[in-house]
Amino acid sequence: SVFRNWVKADETTDFPAEPDRYHLFVSLACPFAHRAIIFRKLKGLEPILPITVLDWLKVSSEGWSFTDAKPKCSLEPYYGFTHLRQLYFKATPDYEGRYTVPVLWDRKRETICNNESSEIIRMLNSEFNAFAATPEQRDLDLYPVDLRAKIDETNAWILDTINLGVYKCGFAEDQKTYDVNVKILFENLDKVEEILAKDRYLCGNRLTEADIRLFTTLVRFDHVYHGHF
């Protein structure tokens, strides 16, 4: 991810937290974008953070596209763009990277604030609390201080072996690489099962971002990864 600016609740950044300033671009096909969708919902930010869902099917080298011909999808609302890549070029005309979701777009500065899901969810968790729909959603903390070390440790091995592990299998270039990675993947799925057989949550006695980051991969596992990969 190239765009790594942080929204802050105070005035210490060029990207302060404000209602209706930012826009979230996602695809329902992407587990990383799914994280941001869940955080937006749980934190009660739907009224102040609009969202646009792109077509879940990428049919060309131009990447994610906008459409209003499929359920829940809609057209790009500001510039009439047909593809997400055009937003990337709007932000940085000489951009040469990948066109990924989620994208947190800053309407005021007309640029991408951030396109790293792990950072976007933490901003949604803590920096927009003043605009949460209810006191309960304002106070909900999915990255609590007392569990941060455990959450970070859990995120690290789940990201490497499960969140990315499914793609290491699916895009393996030879059978040997596939066999190595599928073994690692299922060993760590077993590890998750051992944890959740004893505890309801991965880290401590409450829901945290670690659970959500795992969930968005697991919910796709049988329907997508197991069949395709």
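**Figure 1. A network of salt bridges.** A salt bridge here is a side-chain nitrogen of Lys or Arg within 4 Å of a carboxyl oxygen of Asp or Glu. In this predicted model, such bridges link Glu-18, Arg-21, Asp-106 and Lys-108 into a network. Across the structure there are 12 salt bridges. Side chains of opposite charge can pair when their charged atoms come close.

**Figure 2. The salt bridge between Arg-122 and Asp-152.** Here the closest N and O atoms of Arg-122 and Asp-152 are 3.0 Å apart. This pair ties together distant parts of the chain, with Arg-122 sitting in helix H3 and Asp-152 in helix H5 (residues 148-163), 30 residues apart. Are these two residues partly exposed or buried? Arg-122 has a relative accessible area of 22%, so it counts as partly exposed. Asp-152 is at 35%, so it is partly exposed as well.

Figure 3. Lys-41 and Glu-46 meet through their side chains in a salt bridge, at 3.7 Å from N to O. Lys-41 has a relative accessible area of 49%, which makes it partly exposed, and Glu-46 is partly exposed at 34%. Turn next to Lys-168 and Asp-160, whose side chains form a salt bridge with an N to O distance of 2.7 Å. Lys-168 comes out as partly exposed, with 32% relative accessibility. For Asp-160 the value is 39%, so this residue is partly exposed too.

**Figure 4. Helices H1 and H3, side by side.** How do the axes of H1 and H3 (residues 117-126) cross? They come within 9 Å of each other, at an angle of roughly 0°. Angles under 35 degrees count as roughly parallel, so H1 and H3 are roughly parallel to each other. On the H1 side, the residues that meet H3 are Phe-32, Arg-35, Ala-36, Phe-39 and Arg-40. Their partners on H3 are Ser-117, Ser-118, Ile-120, Ile-121, Leu-124 and Asn-125.

**Figure 5. Helix H3 and what covers it.** H3 is a mostly covered helix, with seven of its 10 residues buried. Which residues of H3 are buried? They are Ser-117, Glu-119, Ile-120, Ile-121, Met-123, Leu-124 and Asn-125. These buried residues have several packing partners: E1, H1, E3, E4 and helix H8 (209-228). As for Arg-122, also in H3, its 22% relative accessible area makes it partly exposed.

**Figure 6. Pro-31 and its surroundings.** Pro-31 is part of helix H1, which covers residues 31-42.

Figure 7. Trp-56, Leu-57 and Val-59 together make a nonpolar surface patch of about 320 Å². To find Trp-56, look in the loop between strand E2 (51-54) and helix H2 (84-91). With 40% relative accessibility, Trp-56 counts as partly exposed.

**Figure 8. A cis peptide bond at Pro-102.** The bond to pick out here runs from Val-101 to Pro-102, and it is cis, with omega near 5°. Pro-102 lies in the loop that leads from H2 to strand E3 (103-106).

**Figure 9. Two residues with positive phi.** Asp-20 is not a glycine, yet its phi is positive, near 65°. This residue belongs to the segment before strand E1 (22-27). Asp-20 is partly exposed, with 42% relative accessibility. Glu-110 is another non-glycine residue with a positive phi, at about 55°. Where does Glu-110 lie? Look in the loop between E3 and strand E4 (111-114). The relative accessible area of Glu-110 is 36%, so this residue counts as partly exposed.

Methods:
Residues are numbered from 1 along each chain as its sequence is written. This is a predicted model: local features need pLDDT of at least 70, side-chain atom pairs count only at pLDDT 80 or more; totals for chains, interfaces and linings use all residues. Side-chain values use heavy atoms; hydrogens and water are left out. Patches are made of residues with over 30% relative accessible area and no salt bridge: like charges are joined within 9 Å, nonpolar side chains (Val, Leu, Ile, Met, Phe, Trp, Tyr) within 5 Å. Accessible areas come from the Shrake-Rupley method with a 1.4 Å probe; for residues, only the protein chains shown count as cover. Helices (H or I, at least four residues) and strands (E, at least two) are DSSP runs, numbered from the N terminus. Buried means under 20% relative accessible area, exposed over 50%, partly exposed in between (1.4 Å probe, protein chains only). Axes are lines fitted to C-alpha atoms, for helices over the stretch in contact, and angles run from 0 to 180 degrees between N-to-C directions. Angles under 35 degrees count as roughly parallel, over 145 as roughly antiparallel, 65 to 115 as roughly perpendicular and the rest as oblique. Contact means heavy atoms within 4.5 Å.
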